[in-house]
Amino acid sequence: MADTTQTTAVVEQPHGAEHEVEPAALGLTPGMWVAASMLVFLLVLVWKKVPAALAGGLDKQIVAIRKHLDEAKTLRAEAEKLRAEYAARIANAEKDAAAMLAHARTEADAIVAKASADAQDVIVRRERMAQDKIAATERATIDELRAKAGAIATAAASQLIASNLGADADRALVDSTIAGLAH
């Protein structure tokens, strides 16, 4: 089997020894070939107007960005205007609400005052009606008592007359009354 350790060869050159010469084609080294190919590539890009196209594309992007910025400024101005408008509306709504509340309180006070006055009027009318009713009841009761007293007096008088006067006494009474009338 082979040894698994790696072997590395190191070549040391003494100080001042010559370096190896790089390969060259048509007198150009690989670095020069890279530089020449880059120069040709850049010349082709300029000849095909690629930088102008890139600049044009960038200019278009710049114009589009400016357009977006202008639209954003316009939208911001509109938003500020709307915000101011809504702030004014809110302020007006608060003023209107305060005015409505004051008006409602005034109306409520007026309604309470009117209700109080109406209640006083109703109380006065009811007192008058009650007094009139009481007076009518008193008059009716007095008239009824007078009628009953008259009926009782009549009944008592008729009983007294019936018990105290007989037929003979009646004749004498009638005769004296007639004699009194003739005079």
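Is Glu144 buried, exposed or partly exposed? Glu144 is partly exposed, with a relative accessible area of 46%, where buried stands for under 20% relative accessible area, exposed for over 50%, and partly exposed for what lies in between (1.4 Å probe, protein chains only).

The structure is a predicted model, in which local features need pLDDT of at least 70 and side-chain atom pairs count only at pLDDT 80 or more, while totals for chains, interfaces and linings use all residues. Residues are numbered from 1 along each chain as its sequence is written, and side-chain values use heavy atoms, with hydrogens and water left out.

**Overall architecture**

The protein contains three helices and zero strands, and its pattern along the sequence reads α-α-α; helices (H or I, at least four residues) and strands (E, at least two) are taken as DSSP runs and numbered from the N terminus. Of the 183 residues in the protein, buried residues make up 0%.

Side chains of opposite charge can pair when their charged atoms come close. A salt bridge is taken here as a side-chain nitrogen of Lys or Arg within 4 Å of a carboxyl oxygen of Asp or Glu, and by this rule the count comes to four salt bridges, among them the pairs in the table.

| Pair | N to O distance |
|---|---|
| Glu85 and Arg89 | 3.0 Å |
| Asp118 and Lys114 | 3.1 Å |
| Lys148 and Glu144 | 3.5 Å |

Glu85 and Arg89 both belong to helix 2, which spans residues 50–164, and they stand four residues apart, about one turn of the helix. Glu85 counts as partly exposed at 33% relative accessibility, and Arg89 is likewise partly exposed, with a relative accessible area of 47%.

Asp118 and Lys114 also lie in helix 2, four residues apart, about one turn of the helix. Within this pair, Asp118 is partly exposed at 35% relative accessibility, whereas Lys114, at 54%, counts as exposed.

Lys148 and Glu144, whose side chains meet in a salt bridge, are both in helix 2 and again four residues apart, about one turn of the helix.
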